[in-house]
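Here is a short briefing to read alongside the model in your viewer. Keep the structure open and look up each residue as you go.

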Amino acid sequence: MLFRSKTTLAEIIAHETKRRFVELSATASGVKEVRDVLEAARRRLEDDGQRTCLFIDEIHRFNKAQQDVLLPDVENGVIALIGATTQNPFFALTSALVSRSRIFELEPLSRDDIARIIHHALADTEHGLGREQVTLAADALEFLVETSDGDARRALGALEIGVLSSAERPLAFTLDLAQESVQRKAIRYDSGDTHYDCASALIKSIRGSDADAGLYWLARMLEGGEDVRFLTRRLVILASEDIGNADPRSLLVAVAAMQATEFVGLPECQLTLAQAVTYLALAPKSNACTTAIGAARRDVREKAVIPVPRHLQDKHYSGAKRLGHGQGYEYSHDAPDGIAAQDYLGVEKRYYEPTDRGLERDLGERLAEIRRRLHDHPPPAGSS
């Protein structure tokens, strides 16, 4: 029972556009095979005016040089190129080829579609399993639909394995038989779209304080074979980017998870990662530090550089005293409360604005008092 949706779709396009259909697989073809096909397409166009539809399966397996071979004949209309890929074409293909293409994304089939296809396969006596006298249990159908992830080939493959591996006729296709036929669900996961989409979903779920969703996306990435070092790096970044001083312990938890993951490895480190994900999800959130450093760096990049005030300049070298470096500086630890009321920037700037969540609520009150103290004083004598 062969189900070739991408190839069939390409054949239909070739038939409807009255083009000769030629198929290549990027996993088994090189530049020579591509050049031979293109040369034959040119001759065909010159001899009888027939154009060619070239279908390349797994086109992302072609390197840049192989993809570039296609460009001239695509541009000249010698071939209509149809490329099928499980990767994001914006990552896997050259920009030149993408710019000359129209991108269509094939979505997974719905649950109802998968169920109809299974029933059709069981009823089809010519190409399907209609002659096998199979009665499919409702829970077995549900299991096949659920584990197919919208891929009809996966559902039909499991159905066929279950039927053909059983000698009993008529056959009662039970849930146990369905589970035995599937064995282990294959998780669709790649280094392109799925990797980035799942990572985005994980971060956004934790940022949104949904611990359950965070655990699901963590599990999805672990089952897909994601590099656990990548996961821990993202959690460390999130601890500062989205939580910050609302709960400074989050950074400690994330760094500890990174170190523990490196030390323990899979599969046990899944426990550490789950602990980190749930803690970070439930922690109070603040992006105040993220916003603050972004604003400060924009000022440095886009505005006039602020000179270091004279009293803050380094005085630990010969001649610094004659230049007045460090003159008027007040040592903070000599102040009664450890806050020396002096200017540390030369102009008034406010970058860090704590939220009223978590520890930042207390930090905000202290920051307001410190700012009042620092800015309500005359500049030190001799400062510039």
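Helices (DSSP runs of H or I, at least four residues) and strands (runs of E, at least two) are numbered from the N terminus. By that count, the chain has 16 helices and five strands, and arginine 233 has its place in helix α12. This is a predicted model, in which local features need pLDDT of at least 70 and side-chain atom pairs count only at pLDDT 80 or more, while totals for chains, interfaces and linings use all residues. Residues are numbered from 1 along each chain as its sequence is written, and side-chain values use heavy atoms, with hydrogens and water left out.

**Overall shape and surface**

- The chain has a radius of gyration of 32 Å, whereas a compact globule of 384 residues would come in near 21 Å. The radius is taken over C-alpha atoms, and the globule rule is 2.2 Å times the number of residues to the power 0.38.
- Along the principal axes, the C-alpha atoms fill a box of roughly 95 × 60 × 35 Å.
- The accessible surface of the chain is about 23,100 Å², and carbon and sulfur atoms hold 53% of it. Such areas come from the Shrake-Rupley method with a 1.4 Å probe, and for residues only the protein chains shown count as cover.
- Of the 384 residues, 36% count as buried. Buried means under 20% relative accessible area, exposed means over 50%, and partly exposed lies in between (1.4 Å probe, protein chains only).
- Contacts here are heavy atoms within 4.5 Å. Among those between residues at least 6 apart in sequence, 70% join residues at least 24 apart.
- The chain carries 48 positive and 58 negative side chains, and the centres of the two sets lie 7 Å apart. Lys and Arg count as positive and Asp and Glu as negative, leaving out His and the chain ends; each charge is placed at NZ of Lys, CZ of Arg, CG of Asp or CD of Glu.

**The nonpolar cores**

- A nonpolar core is a set of buried Ala, Val, Leu, Ile, Met, Phe, Trp, Tyr and Cys residues joined through side-chain atoms within 4.5 Å.
- In the largest core, with 25 residues, the members touching the most others are Leu202, Ile206, Met221, Leu235, Leu273 and Leu280.
- Two or more residues of this core come from each of α10 (193-207), α11 (211-223), α12 (228-243), α13 (249-264) and α14 (269-282). Helix α12 gives the largest share, eight residues.
- A second, separate core has 23 residues, among them Ile118, Val134, Ala155 and Leu171.

**Residues in and around the helices**

- Is leucine 280 buried or exposed? Leucine 280, in helix α14, is buried, with a relative accessible area of 0%.
- Setting aside neighbours within four places in sequence, leucine 280 is in contact with Ile206, Leu235, Leu238, Ala239, Ile243, Ser250 and Lys285. Its C-alpha atom is 8.3 Å from that of alanine 211, 69 residues away along the chain.
- Serine 250, in helix α13, is also buried, at 0% relative accessible area. Beyond its neighbours within four places, serine 250 is in contact with Ala239, Ile243, Tyr279, Leu280 and Ala283.
- Arginine 233 is partly exposed, at 44% relative accessibility. Its C-alpha atom and that of alanine 257, 24 residues apart along the chain, are separated by 9.7 Å.
- Phenylalanine 143 lies in helix α7 (residues 138-148). Not counting residues up to four places away, phenylalanine 143 touches Leu175, Ala178, Gln179 and Val182.

**Backbone features in the loops**

- Most residues other than glycine have a negative phi, and most peptide bonds are trans.
- Arginine 169 and proline 170 are joined by a cis peptide bond, with omega about -5°. Proline 170 is in the loop between α8 (152-164) and β5 (171-173).
- Another cis peptide bond joins leucine 266 and proline 267, with omega about 5°; proline 267 lies in the loop between α13 and α14.
- Lysine 18 is not a glycine, yet has a positive phi of about 55°. Lysine 18 is in the loop between α1 (5-16) and β1 (20-25) and is exposed, at 71% relative accessibility.
- Aspartate 149, in the loop between α7 and α8, has a positive phi of about 55° although not a glycine. Aspartate 149 is partly exposed, with a relative accessible area of 40%.
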